[in-house]
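This report describes selected features of one protein model. Please examine the sequence and the structure before reading on.

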Amino acid sequence: MAIVHPQINPVALDLGMIELHWYGLMYLFAFVVAYFLAWVRTKSRTDFTPEMVSDLVFFGSVGVILGGRIGYVLLYNFGELIANPLYLFRVWEGGMSFHGGFVGVLLAMWYFAHKYKKAPFTVLDFIAPCVPTGLFFGRIGNFINGELWGRISYADVSHLMYFPQAARVDFEMIQANPALQDITANIGGYLLLPRHPSQLYQAATEGILLFVVLWWFSAKPRPRYAVSAVFLLVYGLSRFITEFFRQPDVGYALIFGWMSKGQLYSLPMIIAGVVLMVMAYQKQIYDWNKIK
């Protein structure tokens, strides 16, 4: 039996003139935790200092926010931007693209590497294990907002959810396929379909699983490119798999009848991960030795 999404108020704290949204707080939590994890990593190596971490996290934060928002609007909601250019700045409503944020972080890390005269992948290998917790908080923000819900399911399992935010889409799907009425529930006057809480699946895989793997793998010196390769491989594969449970973006047809845009954008990451891993163990360049 599916349960109803808890419908958490997106405003975490109302101070009158100022409203603090959960989605924004998730980003704040992400940056604070990333800073702490990066600071911890400086304790086992000499090529990065706590002072450098401040710049690193600041540049990365700017890259995530600008790249994530611009990427989402361009890749997933370009029509809304054309109709209302100010939509680009309504970040409190949600809508951030990982792939756009990823490009933003790459540019930010390139700038940091140039400033401190380091190889770009030395920087990326250092910061990569600090990123998954941010992805975790981002997906929790998606869940709180009731956005990016999963695909409908006929399975009789208790973790499926009815998302009131999906009411319009559910109604259109029921009209197009009356057989769906067999699994429809009337919730608050809306006909809703049971869906996978794919935000939580992605929080568990892109967030928790990726963090555990990267933190373990990077605990001892690895050749340059290797940590970044693991990030790309585990994230790309996790995203590709969980996309099978996530509702495809409205207005975009599945590629080949089954592949979503998220899966398409993840394929280059998987390929790049394989290439970087091969390069890492062919070149055998080590940037640091563990402090004993």
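In which helix does Phe78 lie? Phe78 belongs to helix 3, which covers residues 78-83.

## Basis of the report

The model is predicted: local features need pLDDT of at least 70, side-chain atom pairs count only at pLDDT 80 or more, and totals for chains, interfaces and linings use all residues. Residues are numbered from 1 along each chain as its sequence is written, and side-chain values use heavy atoms, with hydrogens and water left out.

Helices (H or I, at least four residues) and strands (E, at least two) are DSSP runs, numbered from the N terminus.

Phe78 is partly exposed because its relative accessibility is 39%; buried means under 20% relative accessible area, exposed over 50%, and partly exposed in between (1.4 Å probe, protein chains only). Between Phe78 and Leu88, ten residues apart in sequence, the C-alpha to C-alpha distance is 9.7 Å.

## Annotated spans

The unreviewed UniProt entry lists several spans as "transmembrane region", including residues 52-76 and 262-281. UniProt positions are given in the numbering used here, feature names are shortened, and annotations may be inferred rather than shown by experiment.

Residues 52-76 are 100% helix and 0% strand, with end C-alpha atoms 35 Å apart. Residues 262-281 are also 100% helix and 0% strand, and their end C-alpha atoms lie 29 Å apart.

Three strands form an open sheet in the order 1-4-7, with mixed pairing. Strand 1 (3-4) and strand 7 (194-195) each have a single partner strand, so one side of each edge strand lacks a neighbour in the sheet.

Strands pair if DSSP finds at least two bridges between them. Strand 1 and strand 4 (residues 161-162) run parallel and are joined by two bridges. Val4 stands opposite Tyr162 in strand 4.
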